[in-house]
Every structure is written in C-alpha cells, then in structure tokens.
Amino acid sequence: MRIDIVTIFPEFFSVLDVSLLGKARQAGRIHLGVHDLRDYTYDRHRTVDDTPYGGGAGMVMRPEPWGEAIDSILYAGEARGVADPVVLFPSPAGELFTQALARELSVEPALVFGCGRYEGIDQRVVDYAASRARVRLVSLGDYVLNGGEVAAMAMIEAIGRLIPGVIGNPASLLEESHEDGLLEYPSYTKPAEWRGLAVPPVLLSGNHAAIAAWRREQQIERTRRVRPDLLSSE
Ligand code: 6GU
C-alpha cells in the first residue's frame with residue numbers, strides 16, 4: 001500500500017519508522033510519503049493559513065498550497081501507475097472511523113491523508129479533491145484534537161496492521177475488540193494464581209466448548225456494561 005501524508009508537521013510521522021509499521025515499511029509492504037505543506041507555498045513566509053471569511057475565531061488553511069500538494073501527489077500516483085487513491089481528511093466533523101472502515105481501507109492500493117490544523121481547511125480543497133478522487137472526512141470520535149496528525153497516525157496504524165503480512169499471526173486479528181461488533185473477552189496467562197487473584201477456573205479446564213461459551217458471555221457482559229451503544233443496533 002502507498003500512503004501519502006500532507007502536513008505542516010512532517011516530523012510527527014517519524015514514529016512510523018518504528019515498531020510493526022516500521023518493519024512493514026522495511027519489508028516493502030507499506031510505502032510512505034510525507035509531504036510538508038509549506039513546500040507547496042510560493043511566498044517568502046511560506047504562509048498556509050488566513051483569517052476566515054465571515055469572521056470568527058482562529059485561522060483557516062488557504063486552498064492554494066493544498067491544491068498544489070494534491071495535484072502533485074495525484075500526478076505522481078498516475079506516473080507510478082497507482083491511480084485512484086482514497087483521499088482522507090481527518091476532521092472532528094467527519095464520519096466515524098471504525099474497524100469496518102479500517103478493513104475497507106486496508107485493501108486500497110493508495111491512501112492520501114490531508115492533515116489540517118487550526119480551525120480547518122478551506123472547504124473548496126475538499127470539494128476540489130472530491131472532483132479528482134474518492135474523498136472521505138473521518139473522525140476518531142467525539143472530542144477535539146489540535147490537528148489531523150495524531151488522528152492520521154491512529155488511522156494508519158489501524159489500517160496498516162490489517163494489510164496481509166504486516167501482523168505475524170493473522171488469527172490474532174480475528175478475536176479482537178470490534179471485529180465481531182463486541183468488545184474482546186479478558187485474557188489471562190501464567191501464573192494461575194497471583195497476589196491472591198485466581199485465573200477463572202474454566203480457562204484451566206481444557207474444555208474448549210466451555211471456554212468458548214465463557215468468552216462469549218464475557219464479551220456480551222462487558223459490551224453491555226461499558227458500550228451498550230454497540231448492542232442496540234442488533
Ligand atoms: Cl480526525 N481531527 C481532529 N482535529 N480532531 C478530532 C478528530 C480528527 N477525531 C476526533 N477529534
């Protein structure tokens with residue numbers, strides 16, 4: 001998968017050099033391009049933002065550098081033969097980023113993340129991008145971050161680990177929270193008793209049917225207790 005990121009903080013993404021995703025990059029499963037939005041400005045001050053039309057607090061990112069950056073990335077993609085990327089704008093005003101969306105995006109050959117700062121990006125950037133590519137505004141949840149960088153990183157990790165070969169044991173992906181619409185069951189390892197706390201005896205029983213039933217019960221009980229919203233749709 002090819003992932004391009006546009007940001008005014010390219011150094012944020014150095015963490016993608018390490019851990020599992022770093023290995024996936026070394027193995028050539030993920031190709032990352034981090035682009036500094038200021039490289040697409042033409043003025044001496046490398047300006048990327050301005051005051052909002054209509055008034056109001058904060059600054060809005062001007063469209064021109066974004067247009068240049070998007071054109072450049074789409075052109076490079078076409079030249080490389082990886083056309084038709086999905087362009088994602090992390091935004092608290094977007095649709096919710098879910099495990100289902102992560103799965104859907106993990107089979108795409110190319111993704112572009114446009115990381116906005118301040119009070120957002122001029123809406124025409126999104127509209128223009130939508131005229132050239134599939135565009136989605138995506139939110140991590142109902143809270144506000146200072147910009148799209150941390151959100152993009154979270155999404156890249158969620159998507160990247162689903163790419164075949166990135167995780168050593170693919171079976172471990174299937175029993176996680178959210179894969180079946182429920183939270184995952186609690187896990188235990190040795191020792192069987194620790195500081196007076198025992199592992200639930202059923203897990204030591206060797207009875208695989210009983211273990212599976214217990215785990216399912218735990219998933220449902222846990223989900224009902226902390227995330228009843230996940231059950232209500234069923
Ligand atoms: Cl994707 N961006 C920002 N700025 N804030 C957020 C978010 C995204 N998701 C939740 N809060």
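**Overall dimensions and the parallel sheet**

The structure is a predicted model, in which local features need pLDDT of at least 70 and side-chain atom pairs count only at pLDDT 80 or more, whereas totals for chains, interfaces and linings use all residues. Residues are numbered from 1 along each chain as its sequence is written, and side-chain values use heavy atoms, with hydrogens and water left out.

Along the principal axes, the C-alpha atoms fill a box of roughly 70 × 40 × 35 Å. Of the 234 residues, 39% are buried (under 20% relative accessible area, 1.4 Å probe, protein chains only). The secondary structure comprises eight helices and nine strands, defined as DSSP runs of H or I over at least four residues and of E over at least two, numbered from the N terminus.

An open sheet is formed by five strands in the order β2-β1-β6-β5-β7, with parallel pairing (at least two DSSP bridges between two strands). Strands β2 (31-36) and β7 (134-139) each have a single partner strand, so one side of each lacks a neighbour in the sheet. From one strand to the next, the twist averages 25 degrees (angles from 0 to 180 degrees between N-to-C directions of lines fitted to C-alpha atoms, for helices over the stretch in contact).

Strand β1 (residues 2-7) is joined to β2 by six bridges; Arg 2 has His 31 of β2 as its bridge partner. Helix α5 (residues 148-160) packs on the sheet and touches β1, β5 (86-96), β6 (110-114) and β7 (heavy atoms within 4.5 Å). The direction of helix α5 makes about 160 degrees with that of β6.

How values were computed:
Buried means under 20% relative accessible area, exposed over 50%, partly exposed in between (1.4 Å probe, protein chains only).
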